[in-house]
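Subject: Handing over the structure

Hi,

Here is the structure I promised to pass on. Have a look at it first, and then read my notes below.

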Amino acid sequence: MPFSYWWIRRSMTAVALGVMAVACGEAPRSAAADVPSTDVRRLPPGRAAQIPDVMMQAADAGRAIGPDSASVRLYVVSDYQCPACRAWFEETLPALRAAYVQTGKVRLTWAHYPLRAHPHAVRAASASLCASVQGKFWEASARLFASQDQWGGLRDATVMVDSLARVPGIDAFAYHNCVDSGRMLRQVRMDIDWADTARVGAPLTVLVGARPVASPPSLARVRAAIDAALAERSR
């Protein structure tokens, strides 16, 4: 069983113990983009299921911040073409990181739910995960969100999206090989399936444990939810 799939299965169980964040508007489950789950590695027939995909493992690890021992889990389900997701990333996330992640109280993981209505969101999600393989997920995400208005309206945003996610310090050859091969599309598909199965909603949606945070998930609302979860665990 690939590590990334195991992570998603574990996350579904951990929802009752943690916090899941996000909400850009309500959308039916069918609003998710069609993303293939093909394993593109060049392996002998029948061997793919037996050999862990170390790049997907690295991508999973790179999009999580905060200690694994944190008592509260925060999962953010996002779409790079979602304006509310951009606002949450730029305005709410920094305060939460300072107050809860950096103090060891919360472990935060970012998940993808690219909408069918956003034609470049799948490419952006894939590119961010390829950057995550090299430990640059958050830097790539910041650049993608900051330039959302520029690439979001392009007919073909492939070149711009790829260049934005290829942040300084990345091995360009390995990054482009990852993106062009579609290596991370399987992880994006798993994120979508996890969100649909757990019925967490489309981006942007926020849950604390199994309890959704009222939309919009403002800083005050998310802080209150985290504080309540922390209080429950200290009893």
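This is a predicted model: local features need pLDDT of at least 70, side-chain atom pairs count only at pLDDT 80 or more; totals for chains, interfaces and linings use all residues.

Helix α2 (residues 54-62) and helix α4 pack at an angle of about 95°, and their axes are 7 Å apart. That angle makes α2 roughly perpendicular to α4. On the α2 side the contact is made by Met-55, Ala-58, Ala-59 and Gly-62, and on the α4 side by Leu-129, Ser-132 and Val-133. By class, that contact has five nonpolar, two polar and no charged residues.

Residues are numbered from 1 along each chain as its sequence is written, and side-chain values use heavy atoms, with hydrogens and water left out.

Helices (H or I, at least four residues) and strands (E, at least two) are DSSP runs, numbered from the N terminus. Axes are lines fitted to C-alpha atoms, for helices over the stretch in contact, and angles run from 0 to 180 degrees between N-to-C directions. Angles under 35 degrees count as roughly parallel, over 145 as roughly antiparallel, 65 to 115 as roughly perpendicular, and the rest as oblique. Contact means heavy atoms within 4.5 Å.

Now the overall picture. The protein chain has 10 helices and six strands. Of its 235 residues, 51% count as buried (under 20% relative accessible area; exposed is over 50%, partly exposed in between, with a 1.4 Å probe and protein chains only). Among contacts in the chain with a separation of 6 or more, 83% are between residues 24 or more positions apart.

Back to α4, which also packs against another helix. α4 (residues 121-133) and α7 (residues 158-165) meet at an angle of about 25°, with axes 9 Å apart. That makes α4 roughly parallel to α7. Arg-123, Ala-124, Ala-127, Ser-128 and Ala-131 in α4 touch Thr-158, Val-161, Asp-162 and Ala-165 in α7. The contact of α4 with α7 has five nonpolar, two polar and two charged residues. For the classes, Ala, Val, Leu, Ile, Met, Phe, Trp, Tyr, Cys and Pro count as nonpolar, Asp, Glu, Lys and Arg as charged, and the others, Gly among them, as polar.

Next, α3 and α5. The axes of α3 (residues 83-101) and α5 (residues 137-146) come within 9 Å and cross at roughly 140°. The two helices are therefore oblique to each other, and their crossing is left-handed. From α3, the contact uses Cys-85, Arg-86, Phe-89, Glu-90, Leu-93 and Arg-97, and from α5, Trp-138, Ser-141, Ala-142, Phe-145 and Ala-146. By class, the contact of α3 with α5 has seven nonpolar, one polar and three charged residues.

Which residues touch the most other members of the largest nonpolar core? Leu-108 and Trp-110 do, in a core of 68 residues (a set of buried Ala, Val, Leu, Ile, Met, Phe, Trp, Tyr and Cys residues joined through side-chain atoms within 4.5 Å). Leaving aside neighbours within four places in sequence, Trp-110 is in contact with residues including Trp-88, Phe-89, Leu-93, Trp-138 and Phe-145. Thr-109 is found in strand β4 and is buried, with a relative accessible area of 3%.

Most residues other than glycine have a negative phi, and most peptide bonds are trans. The bond from Pro-203 to Leu-204 is cis, with omega near 5°, and Leu-204 sits in the loop between α9 (185-198) and β5 (206-208). Arg-199 lies in the loop between α9 and β5; its phi is near 55°, a positive value in a residue other than glycine. At 67% relative accessibility, Arg-199 counts as exposed. Another cis peptide bond joins Ser-215 and Pro-216, with omega about 0°. Pro-216 is in the loop between β6 (211-213) and α10 (219-233).

Over to you!

Technical notes
A crossing is left-handed if the near helix is turned anticlockwise from the far one by less than a right angle, and right-handed if clockwise.
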